[in-house]
Amino acid sequence: MFKKRLKGDLAVLKLSHINKYYHVGETVTKAQNDVSVDFRQQEFVAILGPSGSGKTTMLNIIGGLDRYDSGDLLIKGKSTKNFKDSDWDAYRNNSVGFIFQSYNLISHLSIMENVEMGMTLSGVPAVQKRKQATDALIRVGLKDQMHKQPSQLSGGQMQRVAIARAIANDPEILLADEPTGALDSETSLEIMELIRDLSKDRLVIMVTHNPDLAHQYADRIIEFADGQIQYDSNPFEEDSDQTGFSLNNTKMSYWTALKLSFTNIRTKKGRTFLTVFASSIGIIGIAVVLALSNGFQKQVNQTQSNTLSTMPVTISQVSTDPSAMANNSSKDKASKSNQVKAEKSDQEKAQHTNKITNKYLDYLNKMPKKDAKNIAVSYGTGMNLLRQVNGKYKPVTFSNTNPDTASSGSMMSGSSNTTSSVYPVDRNGKQTFLKSYYKVLAGNYPTKATDIVLVVNKDNSLNINALKNLGISVKEGQKFNYNDLVGTKVKMVANDDYYTKLPTGNFVSGTDYSSMATKAATKTLTVKGIIRVKSSDSDGILASGVAYSANLTKEALNVNQNSAIVTAQKNSNNNVITGQNMDKAARSNVLTTLGGTSTPTNIQIYPTRFKQKDSVLSYLDKYNQGKSKADKVVYTDLASTISKMTGGIMDAITYVLIAFAGISLVTSMIMIAIITYTSVLERTKEIGVLKALGARKKDITRVFDAETFILGFGAGIFGIFVAWVLTFPINAILENVTGLAGVAVLNPMQAVILVIISTVLTLLGGHIPARMAAKKDAAIALRAE
Ligand code: ADP
């Protein structure tokens, strides 16, 4: 592989009036003071001189590790005055091999990898690289040591590795800075033999302190003092211009950078682990917070959908428009006017009368059944109710108000429209609402419109007023057997049977209740069962007391719509029972109660599932689209108000906790920066060697970036792992304390994002020290001890 170059009198290198001054404070050191010298393509030059005379400086300038201040260095006749960094990098990589006194092997790489490094930098394919490195190692006599680590070699062997590294790329110039300075005399001779052997094929320039060795081996001796050549045993002047100088640029791949960092990290396992652990704490914190917040949100949602699914979306005749409530800020401004202005109250302004038309009801009926199974439409129609108490019929109500304190307008007693007492029936007639949310304590679920139920609280208490209003004499605390109540019958009498017309034209409620009870139009309502809410989280939508089907009010309406009293009331402005004059509102109230208005007073829409509520709401919103304000139908969604509130609190807590954990993330970023900086300081020599082998600034940055990448990525993965492990004890503790199981759940998506954040942040933190590393002067780096 080592091609024989023609032995000829060609100058491969020409130094022309080179100056290099070092300024330290006031003093100027002329390390190179107008140095001019030519080197042949093939010779072994030894440079002698006292310490500090400028030998190393010249070698570094020749090798492209250091820049001259003025003059010119010509390589095969080509001036380097206009060389860019990349040209110097390529020159070092392609044309120059360096050997140092202290070998400068990269300790965390294998012998083979050390020798291959120059070729790795220039992107030589793996197979060729391995072959050339092997050849070079054989050439320096390390055939049997090839697979060892540098630390397992003797000094002489390490220097042989360094020489193999220098010649692996078959450079035309070999530069050696006191290559035997650290070796015993016997080994020194062997190394000198080797170098002399190598000088048969190339230019070798060797700095040495040892004149004996120089005289024994070198073809030419140059003596240096005070930055100037004092003596040249075999000077050479050449003036013919040469051509054919070309260079291949070097380029380290990201993969090489990663591998280099990885092997380095591997040698510092303890420190790496501590770094990764420390910088993962922020990630652990955030991951745990997120896991908890996810879990809590899930739990809250679950509880909410359990609790709130029983809360219907309500449409009332008169409703509060939330948007109208919102913009009432004008009140806060002090008025400059000296007049008083009559205004409606905010509440009244926000009041909206819903026009619940048949068209709207049709629209509701077309709502997809998968979204809302139950739509309970109730009417304000009063019911004329009778119950047989001790053999005698007497009027009763389904009301929960205290009969002793309630104002007893005789005809109003029939009205018992507490909306909460109406249970919804499935749109296909089934009872899924009650069956889903209520359990039967006694009797059965209701099936017909005339079936009523008693709703009890979780402690089996029943509103005492409801019992009183049913005509049951009861004392507070009194207990009833289920069977005392189930089967209780109530008669619902039609208006025409209940009211009689007086000759005056007014109506009066009859008193012959027992005959009313047997009229053809009279319906028998039966207490079918006693029910109680199922869920432990929910109080249920139905108030304790009597609950009846939404369809029952519809039946009452159908029966009474065309009754005589309704017709009479429709034609009169006076109350047809009391004869009193009424305003419009009172009249309309009376008509509704009598069953004269078929407009529902209240519509309750029960979403099939909590999730489905959004579809229900958007269906309702769609109706309002493009309608004028007055024609809009406003609904109340209590459940969303509640869930928005709790969701907001959860979010706020999560943000605060993440902010805290974020601080630790930033802290670990700073820590990574410090650690990278330390690593840069530690690896100064390695940076110098890499540069001597032709690494670009970019490559050096890459090596350190790769290292922080590995650390950041490792910290992310480790952090997520720890957080995941932590979720187990956290869940165990939470289950113990709150009874909630599996609260902390790590979201895989969030885990991935956190790993990315950790990697990016540490990369950012480590990038500045990495750039500093790249900027390190190779010459200074190699001088560092
Ligand atoms: P030698 O190799 O002959 O011992 P050097 O080339 O190392 O000599 O140094 C030549 C002179 O330049 C010395 O006086 C040295 O102190 C000085 N020198 C070398 N490098 C630097 C530097 N980076 N800054 C300041 N002075 C330097």
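This is a predicted model: local features need pLDDT of at least 70, side-chain atom pairs count only at pLDDT 80 or more; totals for chains, interfaces and linings use all residues.

Colleague: Which residues does the UniProt annotation "transmembrane region" cover?

Modeller: The unreviewed UniProt entry places this annotation on residues 273–296, 652–677, 706–726 and 746–766. Such a record can be set beside the computed geometry. Residues 706–726 are 100% helix and 0% strand, with end C-alpha atoms 29 Å apart. For residues 746–766 the span is 90% helix and 0% strand, and the end C-alpha atoms lie 28 Å apart.

Colleague: Which residues touch the most other members of the largest nonpolar core?

Modeller: A nonpolar core joins buried residues through side-chain atoms within 4.5 Å. Here the largest one has 53 residues, and Leu 13, Leu 15, Phe 39, Ile 62, Tyr 91 and Ile 205 touch the most other members. At least three residues of this core come from each of domain 1 (12–239) and domain 2 (264–306 + 645–782). Leaving aside residues up to four places away in sequence, Leu 15 has contacts that include Val 35, Val 37, Phe 39, Met 58, Ile 62 and Leu 73.

Colleague: How many residues surround the ligand, and which are the closest?

Modeller: The ligand is surrounded by 14 residues, the closest being Gly 52, Lys 55, Thr 56, Thr 57 and Arg 783. A side-chain N or O atom of Thr 56 is 2.6 Å from a ligand oxygen atom, and for the side chain of Lys 55 the distance is 2.9 Å. Gly 54 instead places a backbone N or O atom 3.0 Å from an oxygen atom of the ligand.

Key: Residues are numbered from 1 along each chain as its sequence is written. Side-chain values use heavy atoms; hydrogens and water are left out. UniProt positions are given in the numbering used here, feature names are shortened, and annotations may be inferred rather than shown by experiment. Helices (H or I, at least four residues) and strands (E, at least two) are DSSP runs, numbered from the N terminus. Buried means under 20% relative accessible area, exposed over 50%, partly exposed in between (1.4 Å probe, protein chains only). Domain bounds come from an automatic or database domain assignment. Contact means heavy atoms within 4.5 Å. A residue is near a molecule or strand if one of its heavy atoms lies within 4 Å of it. A polar contact is a pair of N or O atoms within 3.5 Å; within protein, one must be able to donate a hydrogen and the other to accept it, and residues adjacent in sequence count only if both atoms are side-chain atoms.
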